[in-house]
Amino acid sequence: MRGLVDLYVQQLKTGVASMLQYRATLFIWLIGNILEPLIYLVVWSTVSGSSGGSIGGYAAKDFAAYYIVLMLVNQATFTWVMYEFDYRIREGTFSAILLHPVHPIHADIAENLSSKVVSLPIMVAAAAGLSVIFHPALKITLWMAAAFVPALVLAFLVRFLVEWTIALAAFWTTRVTAINQIHFMAVLFFSGQIAPLAVLPYPLRVVATILPFRWTIGFPVELLLGRLSPGQVLTGFAAQAAWLIVAMAILKFAWRASVKNYSAVGA
Amino acid sequence: MPFGHDFELGARNILQEPLQLGRGIVNCHTVAFRDDDLVAAVSALRDNELGRRRMEGQGQKRQHGRDSNCANILGMDETPAIRLRNLGKIYRVTEREPGIRAALASLVHRRKSEVRAVDGISFDLAPGEIVGFLGPNGAGKTTTLKMLSGLLHPTSGDLSVLSYVPWKRDKAFLRQITLVMGQRNQLVWDIPAADSFELNRAIYRIPAADYKRTLEELVALLDLQPLLGKPVRNLSLGERMKCEIAAALLHRPQVVFLDEPTIGLDVTMQRRIRAFIAEYNRRTGATVLLTSHYMADVEALCRRVVVIHHGKLLFDGELADLVKRFTAHKTIVVQLKDCAADLRAYGEVVSCEDGRLTLRVPKTETARVTERLLADLPVIDLTVADPPIEEVIEQVFAQESL
Amino acid sequence: MRFFKLLWVFVRVGVMGEMAYPANFLAHLLDSVLELGTALAGLAIIFAHTATLGGWRSDELVALVGVYFLVGGVIGLVIQPGMEQLTESVRDGTLDFTLTKPEDAQLLVSIWRVEIWKIIDVGLGFVVVAIAMARLGERVGLGQAAAFAAALLAGGVIVYSFWLILATTAFWLVRVENILVIFQSVYEAGRWPVSIYPGWLRFALTFLVPVAFAITVPAQALAGRLTWQVLLGAAAFAVALFTAARVFWRLGVRHYSGASS
């Protein structure tokens, strides 16, 4: 365990240094990550304005609050592993990674965290700016903030494991774009990005509760905004924990199968 | 046509006395001409495509490579195809220490230094010459080549190629030159080479008949037939280079710039490409400027070499002269029964294996040492040779100036 | 005209390059259909709650999505691949080959890469526009169609000039591949009529990253909302930006050739 902590510390150090080198790339991703929730913020505020003030319990200011918090939560849980995997397999760099005595997921988590270290401060600044412009209705209590932290950590882990597992598809097919596309669609609709889940039509809401995506973004957002009853919060934590265990199991199995496949084909 | 008749006789005379010119028949065949009389005369001299093609020409003035002695005999005016006078190129480079502090400091005050890539070089190339451009890395060869092809603006001096100023990038100028770079491809990666050729045909506006003829010629000379249908990414390095060269010559340029064309290729392929360049020059009289690290390229193709180092011209003349001037030594290779004897007395022993002794002796000592070797030792065989050109060039580069 | 002849040659090269990978066509078709589905599903969710968005009816917004795909397709077909290749060529020096060709270098770098399967997006875009217009029950008169075509043309020129300016920065900056991604991130905002955004964002989307001219203005023409002033403004902006891009390009080439500044 100590070794693992050590590894993470080292990885974080080098990760932050290299992220600073890739400032330009990060910055450009940031533009996208700020713009997308902003667009939906404006769209839904406009819709609520023209439909009697509020929809599904969200008025314009509530939408503003929702999307600003979503922007931060999304950035905190954001990963790009599927692109990374596709690149690694195509370039053949995976062989070197497989020789490491540690499971490669740790390096990826560390790299991801180092990018957050660099990007989150900027996002927080952007969030502050947007708050000035859009006057979100934010009422955050202490215990909500306290509950938010574990929810966010669990959300990050669940999202990372799920996306890492899906990224393994790169071992099996070159047509990963289609898989990624479907995945993005699922995240867009069922995690609370395209609309708060309360606003979605009923059938989609049902699907959203079955899939893990809601617990990776929507749940922490709604929690922080105080839209969940204590009972719902506890259910949420349970769901996150359950998905974490499921994801870990599937990942272990998929990873072993993928490595076997990769080595058999000729690394 | 009295003039043509006289010329015919005159030209025949030249052909019958090649040795007098010291150049051989090859270059004297092709002759500069300016009117149809001469064309007819030339075609009477040799019944090859060359003359016929010229007669089919569309009245465009064309020049062949020719030997300067021929020109003098025929009283022709010789305008160089390429002329450099005091050409210079200075790069301004910003220097900066690593680190955040220095990065911020450089925003306020930029420290610039000058790099003299090319420092006042002058030479002429006559039409049809193949000239080797030698120099170590960073000597300024590629920079000069880029200035000649119009890619770089010179900082100082004069430059003209085919009477054009290259950096003005006249379309008419660009249609008559071509640039081949050894490490870089212009062929489109995913499609067969033949389709890349079509692309160049469209860009250079090559008339269909000319294109067909040139393509057939290049395919035959370079043995491209089996390669044409394969996507370029599936070709080996040597095959790709052949296609690159062909693509660059489809528009029959009069001036050909070759920047390390044989780099990275195996020996057989290098020979093939050398032979092709020589043949192409013979057939079309194109002026060729070739940079290379491989002495074999230069030895095989160029009688004249220009040596450049630190941006300055070190030598301009025949390769043989270069060797003569810059080497103070000769190599003596002696075949003995064995290497037992103490051979150091005769000169510097480069190697001795199985009785084959290689000695390096000062030029002035060659005769004396040879005499002694033949007298003292049971010599089976003996050869006196110039040191390998690589060695010569290395010595040239080691000198800072002439 | 010379331009069309050369464009045709490069289209042929693009088609031939893709024919080596026939399975790609279905994959790209799937991609495009999924993206279109996402956009339309998003619209459906929103119009479950309202009849208009910023004054736009649902079918007018469907037409806008159609234009989004149409213009996106054209960008992905010839503008984006060319500009990406340009930044790469500046970096690895193969631009030298282009500069020694007896043809205007800007013309060559603008059409030298054609990603032919993006024609799917263009086709889908047209289909969606046609369906939306049919549903709106409006007869597209000659005037309206002409305005649409003019708006598309102006938008196209504006987008092309913008991309060229971005790519030309490669002559000075070393690693600019990512700069082009800015457009793709911001283009997303064009799925919605630019009029719903707050003033500062509207300005950015009109003049900084010209998404409004690319999508909203032609869509306005379809919905009959386009005023001749806006159309004229688009045309004027197109001319101005094209000229600026040309000037900047020539500056870039001069810099690349080490001309004394």
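Keep in mind that the model is predicted. Chain B and chain C meet in a contact that takes 22 residues from chain B and 20 residues from chain C. Chain B also has an open sheet of four strands, with helix 16 of chain B lying across three of them, namely strand 10, strand 12 and strand 13.

**Where chain B touches chain C**

- On the chain B side, the elements giving two or more residues are helix 9 (171-174), strand 5 (177-181) and helix 10 (193-204) of chain B.
- Helix 10 of chain B is the top contributor on that side, with five residues.

**The four-stranded sheet in chain B**

- The strand order is 11-12-10-13, and the pairing is antiparallel.
- Strand 11 (348-353) and strand 13 (381-385) of chain B sit at the edges, each pairing on one side only.
- From one strand to the next, the twist averages 15°.
- Inside the sheet, strand 10 (residues 329-335) and strand 12 (residues 356-362) of chain B run antiparallel to each other and share seven bridges.
- For a residue-level handle, look at B:Gln335, which stands opposite B:Arg356 in strand 12 of chain B.

**The helix across the sheet**

- Helix 16 of chain B covers residues 366-376.
- Its direction is at about 170° to strand 13 of chain B.

Technical notes:
Residues numbered from 1 in each chain as written. Chains lettered and ligands numbered in written order. Predicted model: local features only at pLDDT ≥ 70, side-chain atom pairs only at ≥ 80, totals over all residues. Contact = placed C-beta atoms within 7 Å. Pairing = 2+ DSSP bridges. Axes fitted to C-alpha atoms, helices over the stretch in contact; angles between N-to-C directions.
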